[in-house]
Amino acid sequence: MRVTLTFDNGPTAETTPRVLDTLSQHAARAVFFVVGRRIQEPALRDLAARANDEGHLVGNHTYSHARQFGEIEPPSEAIDEIAKTQTLLGDLAGPEKLFRPYGRGGRLDRRLLNDAAVDHLKAQKFTMALWTCVPRDWEDPDGWPARALAECAASQWPVVVLHDLPTGAMAHLDRFLGALSDRGAELRTDFPREATPILRGRRIGDVSALTHRAS
């Protein structure tokens with residue numbers, strides 16, 4: 001079983017160091033999708049740099065993480081949300097520019113994107129990385145590992161979304177990683193094609209069901 005493990009909405013001083021320590025103990029690699037307004041703080045950007053130095057990938061998860069692009073007005077603000085964060089990331093972004101949109105509650109629907117965002121991602125040769133496993137760690141800090149393991153077992157290559165936020169949920173990350181190891185999971189930092197409808201600027205999947213169209 002292949003598993004791509006991702007962490008959204010950080011970095012945070014309270015939780016990201018513990019997550020990085022736990023990943024290191026398991027020799028595991030992950031992808032961190034950071035919020036731009038957070039890495040404006042030098043100490044938090046240093047955490048993103050630490051993740052990069054330790055072999056993890058760092059991607060763009062919008063600047064404010066406040067509104068889904070399908071609901072943002074004017075639609076062109078979505079471009080600013082992407083571009084500001086990419087500028088803040090600088091060389092932490094790596095050769096493949098990874099972007100993950102804000103999907104409230106993990107939903108994949110027409111509130112996720114708008115045409116301006118899609119055009120920008122294509123023009124700037126981004127890879128848009130979605131998700132397939134949302135164990136809702138923010139909502140159930142103690143129960144999420146069992147749900148995540150069950151969802152992983154039902155998929156050949158799950159993309160798991162966790163959050164390096166101070167909810168207490170990451171206290172169970174060590175147990176989750178141990179269980180994945182026991183099951184022979186291969187942790188990766190690339191993504192299955194079905195989770196990347198835009199790949200290096202090329203539209204390889206259907207984004208119409210994820211894109212709000214202006215009337």
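View 1. Pro74 is found in the loop between β3 (57–60) and α4 (77–89), where helices (H or I, at least four residues) and strands (E, at least two) are DSSP runs numbered from the N terminus. The peptide bond that runs from Glu73 to Pro74 is cis, with omega near -10°. A cis peptide bond also joins Gly10 and Pro11, with omega about 0°, and Pro11 belongs to the loop between β1 and α1. This is a predicted model in which local features need pLDDT of at least 70 and side-chain atom pairs count only at pLDDT 80 or more, whereas totals for chains, interfaces and linings use all residues. Residues are numbered from 1 along each chain as its sequence is written, and side-chain values use heavy atoms, with hydrogens and water left out.

**View 2. Aromatic pairs between elements of the fold.** A pair of aromatic rings is described by the distance of the centres and the angle of the planes. Rings of Phe, Tyr and Trp (its six-membered ring) pair if their centres lie within 6.5 Å, and planes under 30 degrees apart count as stacked, over 60 as edge-to-face and the rest as tilted. By this rule there are five aromatic pairs. One of them joins Phe7 and Phe32, which are stacked at 5.1 Å centre to centre with 20° between the planes. Phe7 lies in strand β1 (residues 2–8) and Phe32 in strand β2 (residues 31–34), so this pair ties together parts that are 25 residues apart in sequence. Both Phe7 and Phe32 are buried, a word used for under 20% relative accessible area, while exposed means over 50% and partly exposed in between (1.4 Å probe, protein chains only). Trp144 and Phe176 form an edge-to-face pair, with 5.1 Å centre to centre and 65° between the planes. Here the pair links distant parts of the chain, as Trp144 is in helix α6 (residues 144–153) and Phe176 in helix α7 (residues 173–182), 32 residues apart. Trp144 counts as buried because its relative accessibility is 0%, and Phe176 counts as buried at 0% relative accessibility.

**View 3. An aromatic cluster, and lysines over ring faces.** Phe69, Phe99 and Phe126 form one aromatic cluster. Lys97 lies over the face of Phe126, at 4.7 Å from the ring centre, and Lys84 lies over the face of Tyr63, at 3.8 Å from the ring centre. A charge sits over a ring if NZ of Lys or CZ of Arg is within 6 Å of the ring centre and within 35 degrees of the ring normal.

**View 4. The largest pocket.** On a 1 Å grid over the protein atoms alone, a pocket is an open set of points where a 1.4 Å probe fits, with protein on both sides within 12 Å along at least five of seven lines, and lining residues have an atom within 4 Å of a point. The largest pocket holds about 230 Å³ of space, a volume being the space filled by probe spheres set on grid points that are joined across faces, edges and corners. Its lining has 17 residues, of which Asn9, Gly103, Gly105, Gly106 and His163 lie nearest the centre. These 17 residues divide into seven nonpolar, seven polar and three charged, where Ala, Val, Leu, Ile, Met, Phe, Trp, Tyr, Cys and Pro count as nonpolar, Asp, Glu, Lys and Arg as charged, and the others, Gly among them, as polar.

**View 5. The second largest pocket and Ile204.** About 160 Å³ of space lies in the second largest pocket, and its lining has five nonpolar, three polar and four charged residues. Among the lining residues are Leu57, Thr189, Arg193, Thr196, Leu199 and Ile204. Ile204 lies in the loop between β10 (202–203) and β11 (211–212) and is partly exposed, with a relative accessible area of 26%. Leaving aside neighbours within four places in sequence, Ile204 is in contact (heavy atoms within 4.5 Å) with Arg193, Thr196, Pro197 and Leu199.

**View 6. Two alanines in the loop between α1 and β2.** Ala27 has its place in this loop, and has a positive phi of about 50° although it is not a glycine. With a relative accessible area of 64%, Ala27 is exposed. Ala30 lies in the loop between α1 and β2, but is buried, with a relative accessible area of 0%. Ala30 and His56 are 26 residues apart in sequence and 5.3 Å apart in space, C-alpha to C-alpha.
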